[in-house]
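Visitor: I would like to learn how to read a protein model. Please take one feature at a time.

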Amino acid sequence: MLEIAALVVSLVALALTGAVSFRQLRLTEHANTLPVLVDLFREHRSVRLAQARQVVHEQLSAYDLSAGLAGPPEDDRHLVRELAWFYDNLGALVAHGVVDIEPVSGYLGGSVISVWESLQPLVQAERAKRTRNAMPDPNRWQEYFENLYHLVRETPADRARAGTHLWRLPQH
């Protein structure tokens with residue numbers, strides 16, 4: 001009987017140790033991810049990327065997107081390229097598990113979707129130009145951004161926010 005009690009105590013101790021270890025692992029992951037997310041969200045709010053989103057949403061359709069990056073005038077081209085690279089880099093971090101899709105989608109999901117849908121014709125044209133110029137792996141240009149778009153569509157912002165145990169507002 002004493003042996004069974006010792007076995008039960010050992011199993012309970014093992015389970016508690018496992019639970020504490022798992023919790024510690026999750027806290028470590030969050031500690032590593034938090035500075036990355038804070039910096040990304042800060043950069044997204046920057047004046048420069050806000051200007052870039054304004055160009056994409058208000059002016060891009062007036063340009064010849066079939067010319068790829070050559071379509072917009074130089075100043076707008078730089079803004080568009082910078083914004084596309086931001087989302088491409090963010091997509092790489094998500095695709096490789098550096099940051100989770102849920103906070104990205106919850107905070108930036110609508111922007112990811114609207115910017116990708118506006119830039120998609122330009123991206124496709126730029127990929128075609130790169131193919132004609134025999135650039136290596138031309139379809140990889142903005143591929144992480146495109147993948148991020150699909151991930152956000154699979155995990156919509158409202159569902160990503162509602163999925164956290166600390167979200168109290170109703171879904172729209």
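Guide: What follows goes through helices, aromatic pairs, salt bridges, a surface patch and one backbone angle.

Guide: This is a predicted model, in which local features need pLDDT of at least 70, side-chain atom pairs count only at pLDDT 80 or more, and totals for chains, interfaces and linings use all residues. Residues are numbered from 1 along each chain as its sequence is written, and side-chain values use heavy atoms, with hydrogens and water left out.

Visitor: How should I read a helix, and what span should helix H2 have?

Guide: Helices are DSSP runs (H or I, at least four residues), numbered from the N terminus. The expected span is 1.5 Å times one less than the number of residues. Helix H2 (residues 47-58) has 12 residues and should span 16 Å, which agrees with the 16 Å between its end C-alpha atoms. H5 also has 12 residues; its C-alpha atoms, first to last, reach 17 Å, close to the 16 Å expected.

Visitor: Which residues of H2 are buried?

Guide: Buried means under 20% relative accessible area, exposed means over 50%, and partly exposed is in between (1.4 Å probe, protein chains only). In H2 the buried residues are Leu49, Ala52, Arg53, Val55 and Val56. They lie on the same side of H2, because they cover an arc of only 160° around the axis. The arc is taken from the directions between the helix axis and the C-beta atoms. Val47 and Glu58 are exposed on the other side of H2.

Visitor: Which residues of H5 are buried?

Guide: They are Phe145, Leu148, Tyr149 and Val152. Down the axis of H5 these buried residues fall within an arc of 105°, so they line one face of the helix.

Visitor: How do I read aromatic pairs, and how many are found in the whole structure?

Guide: A pair of aromatic rings is described by the distance of the centres and the angle of the planes. Rings of Phe, Tyr and Trp (its six-membered ring) pair if their centres lie within 6.5 Å; planes under 30 degrees apart count as stacked, over 60 as edge-to-face, and the rest as tilted. A search of the whole structure gives 5 aromatic pairs. In one of them, Phe41 and Tyr107 have ring centres 4.4 Å apart and planes at 45°, so the pair is tilted. Phe41 is in helix H1 and Tyr107 in helix H4 (residues 101-132), 66 residues apart, which makes this a link between distant parts of the chain. Phe41 is buried, at 15% relative accessible area, whereas Tyr107 is partly exposed, at 44%.

The rings of Tyr87 and Phe145 have centres 5.0 Å apart and planes at 25°, so this pair is stacked. Tyr87 lies in helix H3 (residues 74-95) and Phe145 in helix H5 (residues 143-154), so the pair ties together parts 58 residues apart in sequence. Both Tyr87 and Phe145 are buried. Ring pairs also link Phe86, Tyr87, Trp116, Phe145 and Tyr149 into a cluster.

Visitor: What about charged side chains: how many salt bridges are there?

Guide: A salt bridge is a side-chain nitrogen of Lys or Arg within 4 Å of a carboxyl oxygen of Asp or Glu. The search of the whole structure finds 7 salt bridges. One of them joins Arg153 and Glu117, at 3.6 Å from N to O. Here Arg153 is in helix H5 and Glu117 in helix H4, 36 residues apart. Arg153 is partly exposed, at 47%, and Glu117 is partly exposed, at 39%.

Glu146 forms a salt bridge with Arg127, the closest N and O atoms being 2.9 Å apart. Glu146 belongs to helix H5 and Arg127 to helix H4, 19 residues apart. Glu146 counts as partly exposed at 22%, while Arg127 counts as buried at 10%.

Visitor: Which residues form a nonpolar patch on the surface?

Guide: Patches are made of residues with over 30% relative accessible area and no salt bridge; like charges are joined within 9 Å, and nonpolar side chains (Val, Leu, Ile, Met, Phe, Trp, Tyr) within 5 Å. Accessible areas come from the Shrake-Rupley method with a 1.4 Å probe, and for residues only the protein chains shown count as cover. Met1, Ile4 and Val8 form such a nonpolar patch, with about 360 Å² of accessible area together. Val8 is in helix H1 (residues 2-44) and is partly exposed, at 45%.

Visitor: What is the phi of Gln142?

Guide: Most residues other than glycine have a negative phi. Gln142 has a positive phi of about 65°, although it is not a glycine. Gln142 sits in the loop between H4 and H5 and is buried, at 1% relative accessibility.

Methods:
Helices (H or I, at least four residues) and strands (E, at least two) are DSSP runs, numbered from the N terminus.
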